[in-house]
Amino acid sequence: MNRFSVAFVSFSLALAGFAGCGSGGPDIARVEGTVTMDGKPLPRAFVVFIPQGGRPAAAETDASGKYVLEFSGGRKGAIPGKNKVEINTARQPEHEPDGTLIPGVKESVPAKYNRNTTLEFDVVDGQKNIADFQLESKGKVVAEAGAY
């Protein structure tokens, strides 16, 4: 599993573990947006906001490139303040419950948007934040060891 996949799975498990903990926790602000690459929607991309201190928030884009960040326990949003943003499309192969294999996907997003990200977004408390990212496919794409 690549570095991002491990982190995303760990993050997802942490979210599931807090599902019954109520709405406590740090203040967060709603964050949503659209991710495009070369002017076209980027579906099934993982978007992760990493604050300077605290838990990351993540989402997967839909077919039109839209996303809404999930924090924990079903809470939507991210920790206010400056967040580093990583966008990644690599996936390991997996199996459906019926045993059908879902093939893995190679990374298609240049490293400047994930492994070596230059993306940042300042989440403002008390408001719905719109974080749209217009990516360009030019640049080195780095495949993690074991990525498909």
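Glutamate 60 is partly exposed, with a relative accessible area of 36%. Here, partly exposed lies between buried, under 20% relative accessible area, and exposed, over 50% (1.4 Å probe, protein chains only). The model is predicted: local features need pLDDT of at least 70, side-chain atom pairs count only at pLDDT 80 or more, and totals for chains, interfaces and linings use all residues. Residues are numbered from 1 along each chain as its sequence is written, and side-chain values use heavy atoms, with hydrogens and water left out.

Glutamate 60 forms a salt bridge with arginine 91, and the closest N and O atoms are 2.2 Å apart. A salt bridge is a side-chain nitrogen of Lys or Arg within 4 Å of a carboxyl oxygen of Asp or Glu. The pair links distant parts of the chain, 31 residues apart. Glutamate 60 belongs to strand S4 (residues 57-60), whereas arginine 91 sits in the loop between strand S6 (81-88) and strand S7 (94-95). Arginine 91 counts as buried, at 7% relative accessibility.

The structure holds seven salt bridges. One of them joins glutamate 70 and lysine 76, at 2.1 Å from N to O. Both residues are partly exposed: glutamate 70 has a relative accessible area of 23%, and lysine 76 stands at 38%. Glutamate 120 and lysine 82 also meet in a salt bridge, at 3.8 Å from N to O. Glutamate 120 lies in strand S9 and lysine 82 in strand S6, so this pair ties together parts that are 38 residues apart in sequence. Lysine 82 is partly exposed, at 43% relative accessibility. Salt bridges also link Arg30, Glu32 and Lys128 in a network.

Aromatic rings give another set of contacts. A search of the whole structure finds two aromatic pairs. Rings of Phe, Tyr and Trp (its six-membered ring) pair if their centres lie within 6.5 Å; planes under 30 degrees apart count as stacked, over 60 as edge-to-face and the rest as tilted. The ring centres of phenylalanine 49 and phenylalanine 133 are 6.3 Å apart and the planes stand at 70 degrees, so the pair is edge-to-face. Phenylalanine 49 lies in strand S3 (residues 46-51) and phenylalanine 133 in strand S11 (residues 133-135), so the pair ties together parts that are 84 residues apart in sequence. Phenylalanine 49 is buried, with a relative accessible area of 0%. Phenylalanine 133 also counts as buried, at 7%. Ring pairs link Phe49, Phe121 and Phe133 into a cluster.

A charge also meets a ring. The charged end of arginine 55 sits over the ring of phenylalanine 71, 5.9 Å from its centre. For this, NZ of Lys or CZ of Arg must be within 6 Å of the ring centre and within 35 degrees of the ring normal.

Helices (H or I, at least four residues) and strands (E, at least two) are DSSP runs, numbered from the N terminus. Buried residues make up 41% of the 148 residues. Among contacts (heavy atoms within 4.5 Å) between residues at least 6 apart in sequence, 67% join residues at least 24 apart.

Asparagine 116 lies in the loop between strand S8 (101-102) and strand S9 (119-123). Asparagine 116 is partly exposed, with a relative accessible area of 49%. Asparagine 116 and valine 142 are 26 residues apart in sequence and 9.6 Å apart in space, C-alpha to C-alpha.
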